[in-house]
Amino acid sequence: MAFIRVTSPHAHIATTTGDVMRWVILATIPGLVALSHFFGWGTIINIVIASVTALACEALVLFLRGRPVLFYLKDCSALVTAILLGLALPPYAPWWIVFIGTASAIILAKQLYGGLGYNPFNPAMVGYVILLISFPVEMTRWAIPETLIADGESLPSLISALQAVFIGNTTGIDGFTGATPLDLFKSQQGLLVEQITSENSIFSLASFSGVGWEWVNISFLLGGLFLLYKRAFTWHAPVSMLAALAIMATLFYDGGSSDSGGSVLLHLFSGGTMLGAFFIITDPVSSATSNKGRMIYGASIGILIYIIRIWGNYPDAIAFAVLLMNFAAPFIDYYTLPRTYGHTKSERATRSRDQ
């Protein structure tokens with residue numbers, strides 16, 4: 001009687017890359033709904049342009065490389081990159097802004113390194129940083145929440161939004177743009193926190209992190225919890241990032257001048273905090289791999305976010321913090337390898353078994 005010779009251990013799972021990517025897309029819907037409710041059609045238009053651009057660029061590069069186009073497009077990774085970038089960009093950004101950012105993300109940050117699984121940096125954040133550095137004016141024009149618009153007026157219609165994006169006709173759009181809560185704290189340093197919150201309507205209506213922004217972040221938090229439930233990633237990186245950011249905000253906040261950096265709730269529920277925590281830093285390709293490594297990786301990102309927000313030149317620092325730690329992820333992996341079965345302690349990544 002012959003026995004099949006096999007090695008162990010074995011792990012079998014029916015989940016594919018495409019399944020995980022589709023879960024991520026589904027999890028972004030609450031945040032997209034919140035963004036559209038408070039800021040209008042702009043984010044949806046961003047995502048549509050970014051999605052078409054991403055799929056076209058991915059297909060073109062795959063064709064030039066002689067790879068099966070449909071096989072790789074079906075994993076939805078290009079679509080996820082497009083959606084995450086579209087969510088991060090300001091509503092009503094010119095179409096060419098979205099096109100340049102998405103093309104850079106797919107061609108330069110992903111396919112140039114060999115495609116999914118080989119990119120050392122998060123593609124969406126590469127595209128975002130390229131745009132932020134190259135076009136700072138267009139990247140800082142954010143719409144004000146609908147609840148703050150004067151009586152008798154409303155956010156731009158779909159037609160007006162399309163005209164602003166594709167034609168450049170911003171008549172009626174410019175009146176609905178303003179600073180984000182993090183922008184206000186950055187540009188009005190020296191004033192008391194109480195002065196900033198009382199003199200700017202975005203902090204009205206008992207909002208703790210800016211009208212609309214808390215609900216946007218709560219929506220992305222709900223989407224992130226759904227992904228945790230589906231086990232798309234582990235809790236280590238997002239929880240470590242949020243905990244480190246909260247600790248930094250607590251340590252340096254004295255409740256007086258805005259130089260202190262703002263409250264813990266402001267940093268946790270404003271800007272792209274929850275989007276970054278659950279949809280960006282959890283990228284399995286460009287992040288650390290072990291659980292201990294993910295905790296170090298996430299905590300380092302949280303600390304960098306606070307440092308750049310308070311003492312750097314940019315009010316929201318998710319992209320810069322993520323790219324810096326993408327660069328450091330292999331170093332973290334080298335020192336946080338888990339103990340392999342049968343060994344008393346872990347070995348370094350480059351140590352030979354024969355030594």
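This passage walks through the fold, the packing and the side-chain pairings of one protein chain.

The structure is a predicted model, in which local features need pLDDT of at least 70 and side-chain atom pairs count only at pLDDT 80 or more, while totals for chains, interfaces and linings use all residues. Residues are numbered from 1 along each chain as its sequence is written, and side-chain values use heavy atoms, with hydrogens and water left out.

To start with the big picture, the protein chain has 16 helices and two strands. These are DSSP runs numbered from the N terminus, with helices being H or I over at least four residues and strands being E over at least two. Of the 355 residues in the chain, 47% are buried. Here, buried means under 20% relative accessible area, exposed means over 50%, and partly exposed is what lies in between, using a 1.4 Å probe and protein chains only. The accessible surface of the chain comes to about 17,800 Å², and carbon and sulfur atoms account for 65% of that. Such areas come from the Shrake-Rupley method with a 1.4 Å probe, and for residues only the protein chains shown count as cover. As for contacts (heavy atoms within 4.5 Å), those between residues at least 6 apart in sequence join residues at least 24 apart in 75% of cases.

Gly18, Met21, Val24 and Ala27 are buried in α1. An α-helix has 3.6 residues a turn, so residues three or four places apart point the same way. The buried residues of α1 pack against α2, α5 (77–88), α11 and α14 (273–280).

Next comes Ala54, which sits in helix α3 (residues 42–64). With a relative accessibility of 0%, Ala54 counts as buried. Setting aside neighbours within four places in sequence, Ala54 is in contact with Ala78, Ala82, Thr102 and Ile106.

Asn122 makes an interesting stop in the loop between α6 (95–108) and α7 (123–134). Asn122 is buried, because its relative accessible area is 5%. Its side chain takes part in polar contacts, meaning pairs of N or O atoms within 3.5 Å; within protein, one must be able to donate a hydrogen and the other to accept it, and residues adjacent in sequence count only if both atoms are side-chain atoms. One of these runs from the side chain of Asn122 to the backbone nitrogen of Met125, at 3.2 Å. Another puts a polar side-chain atom of Asn122 3.5 Å from the backbone oxygen of Ile280. Not counting residues up to four places away in sequence, Asn122 touches Ile280, Asp283, Ser286, Val322, Leu323 and Asn326.

On to the aromatic rings. Rings of Phe, Tyr and Trp (its six-membered ring) pair if their centres lie within 6.5 Å; planes under 30 degrees apart are stacked, over 60 edge-to-face, and the rest tilted. The structure holds 13 aromatic pairs. Phe39 and Trp142 form an edge-to-face pair, 6.0 Å from centre to centre with 90 degrees between the planes. Phe39 lies in helix α2 (residues 29–39) and Trp142 in strand β1 (residues 142–143), so this pair ties together parts that are 103 residues apart in sequence. Phe39 also forms a tilted pair with Trp213, at 5.3 Å centre to centre and 50 degrees between the planes. Trp213 belongs to helix α11 (residues 213–229), so its pairing with Phe39 in α2 ties together parts that are 174 residues apart in sequence. Both Phe39 and Trp213 are buried, and ring pairs link Phe39, Trp142 and Trp213 into a cluster.

Charged side chains pair up too. A salt bridge is a side-chain nitrogen of Lys or Arg within 4 Å of a carboxyl oxygen of Asp or Glu, and a search of the whole structure finds three. Glu58 and Lys110 meet in one of them, at 2.9 Å from N to O. Glu58 lies in helix α3 and Lys110 in the loop between α6 and α7, so the pair ties together parts 52 residues apart in sequence. Glu58 is buried at 2% relative accessible area, and Lys110 is buried at 3%. Asp19 forms a salt bridge with Arg22, with the closest N and O atoms 3.2 Å apart. Both lie in helix α1, three residues apart, about one turn of the helix. Arg309 and Asp316 form a salt bridge whose closest N and O atoms are 2.9 Å apart; Arg309 is buried at 3% relative accessibility, whereas Asp316 is partly exposed at 21%.
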